[in-house]
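Subject: Structure handover and notes

Hello,

Here is the structure we spoke about.

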Amino acid sequence: MLHTEGRGHHRKGTNSRREQSGASLESALRQATWYAQLDDAVQASILAQAREITLEAGSYLFGAGEQPRGWYGVIEGLLTWKALDEDGRSLSMAGFSAGSWFGEASVIRAKPYEYHVAALRYSRLVLIPADTCDTLFRHHHAFSNAVMRHLAERVNFFMAMFAAHVLADMEVKIARILASMFDKELHPRTQPHLHINQEELANLCGVSRQRCNAVLKSLSQAGLIAVEYSGVTVLDLEGLRHHGPSARLGR
């Protein structure tokens, strides 16, 4: 189920979860580096036009062929970005965690999405409408520069992931995906302990839970991570990034 709300209004039945998270649309914006680079009047305008979206686990935010509505930021939750073919097969391309922003390329191109984004758990997002983004692009260089840096980092990530998918084994792929969750540009709020269960990680990596578990055990034995009940703690981030003979490709 997809639910879009104006700022300050929340769907019945979701307030308790929001209170537990302690996060708000405004606080999510204020934690974004690009937002802090704009003056107070521009910030106030963005805040007035921003909208909140809530998604239940398994729900789609949007699908391929839909027109872009704007730029999305994750207030809380976890989402996956994937491609689907006509036979229902899927390829997971990336994950979005609290603090992530995504969808900028489709807004810039002003063309329909070519991929799907779905929630892996209950998630809340902020939407900056496409018209607002267009105004910011045309009149505020700080915003344009911030989005271009963000887009450049995402392109670099995809180059590295393409190399890993073609040239590396599954262990290197999963190590790279785990390491990518600590990218300061794409996942600015990730802590050393990643709150993610093994089913969610398997979905992000596009593998079975059993295969994911086996790789996590191997990475743990290598001293790179510690697998715990509440998630995964990264012990050696640089080691995780450079794990395997093909890990440096695309960087």
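This is a predicted model: local features need pLDDT of at least 70, side-chain atom pairs count only at pLDDT 80 or more; totals for chains, interfaces and linings use all residues.

Residues are numbered from 1 along each chain as its sequence is written, and side-chain values use heavy atoms, with hydrogens and water left out.

Whole chain

The protein chain has eleven helices and twelve strands; these are DSSP runs numbered from the N terminus, helices being H or I with at least four residues and strands E with at least two. Of its 251 residues, 48% count as buried. Here buried means under 20% relative accessible area, exposed means over 50%, and partly exposed lies in between, with a 1.4 Å probe and protein chains only. Among contacts between residues at least 6 apart in sequence, 72% join residues at least 24 apart, where contact means heavy atoms within 4.5 Å.

Cores

In soluble globular proteins, nonpolar side chains tend to be buried together. A nonpolar core is taken as a set of buried Ala, Val, Leu, Ile, Met, Phe, Trp, Tyr and Cys residues joined through side-chain atoms within 4.5 Å. The largest one here has 45 residues, and those with the most contacts inside it are Leu-61, Tyr-72, Phe-102, Val-117, Leu-125, Ile-225 and Leu-240. Helix H8 (residues 170-180) supplies the largest share of this core, five residues. At least three core residues come from each of domain 1 (24-167) and domain 2 (170-250), with bounds from an automatic or database domain assignment. A second, separate core of 23 residues includes Leu-38, Ile-75, Ile-128 and Cys-133.

Not counting residues up to four places away in sequence, Phe-102 touches Leu-61, Phe-62, Trp-71, Tyr-72, Val-74, Phe-96, Val-117, Leu-125 and Arg-154.

H8 itself is mostly covered, with ten of its eleven residues buried.

Helix contacts

Two packed helices are described by the angle between their axes and the distance between the axes. Axes are lines fitted to C-alpha atoms, for helices over the stretch in contact, and angles run from 0 to 180 degrees between N-to-C directions.

Helix H9 (residues 198-205) and helix H10 (residues 209-221) pack at about 100°, with their axes 9 Å apart. That makes H9 roughly perpendicular to H10, a label for angles of 65 to 115 degrees; under 35 counts as roughly parallel, over 145 as roughly antiparallel and the rest as oblique. Gln-198, Glu-199, Leu-201 and Ala-202 in H9 meet Arg-209, Cys-212, Asn-213 and Leu-216 in H10. By class, this contact has four nonpolar, two polar and two charged residues. Ala, Val, Leu, Ile, Met, Phe, Trp, Tyr, Cys and Pro count as nonpolar, Asp, Glu, Lys and Arg as charged, and the others, Gly among them, as polar.

Helix H6 (residues 130-139) and H7 pack at about 105°, with their axes 6 Å apart, which makes H6 roughly perpendicular to H7. Cys-133, Leu-136, Phe-137 and His-139 of H6 make the contact with His-141, Phe-143, Ser-144, Val-147 and Met-148 of H7. The H6 and H7 contact has six nonpolar, three polar and no charged residues.

Single residues

Glu-200 is in helix H9 and counts as buried at 8% relative accessibility. Leaving aside neighbours within four places in sequence, Glu-200 is in contact with Leu-78, Leu-120 and Arg-121.

Ala-110 lies in the loop between helix H5 (104-109) and strand E8 (116-119). Its phi is near 55°, a positive value in a residue other than glycine. Most residues other than glycine have a negative phi. Ala-110 counts as exposed, at 55% relative accessibility.

Gly-244, in the segment after H11, is partly exposed, with a relative accessible area of 28%. Gly-244 and Val-172 are 72 residues apart in sequence and 5.8 Å apart in space, C-alpha to C-alpha.

Regards
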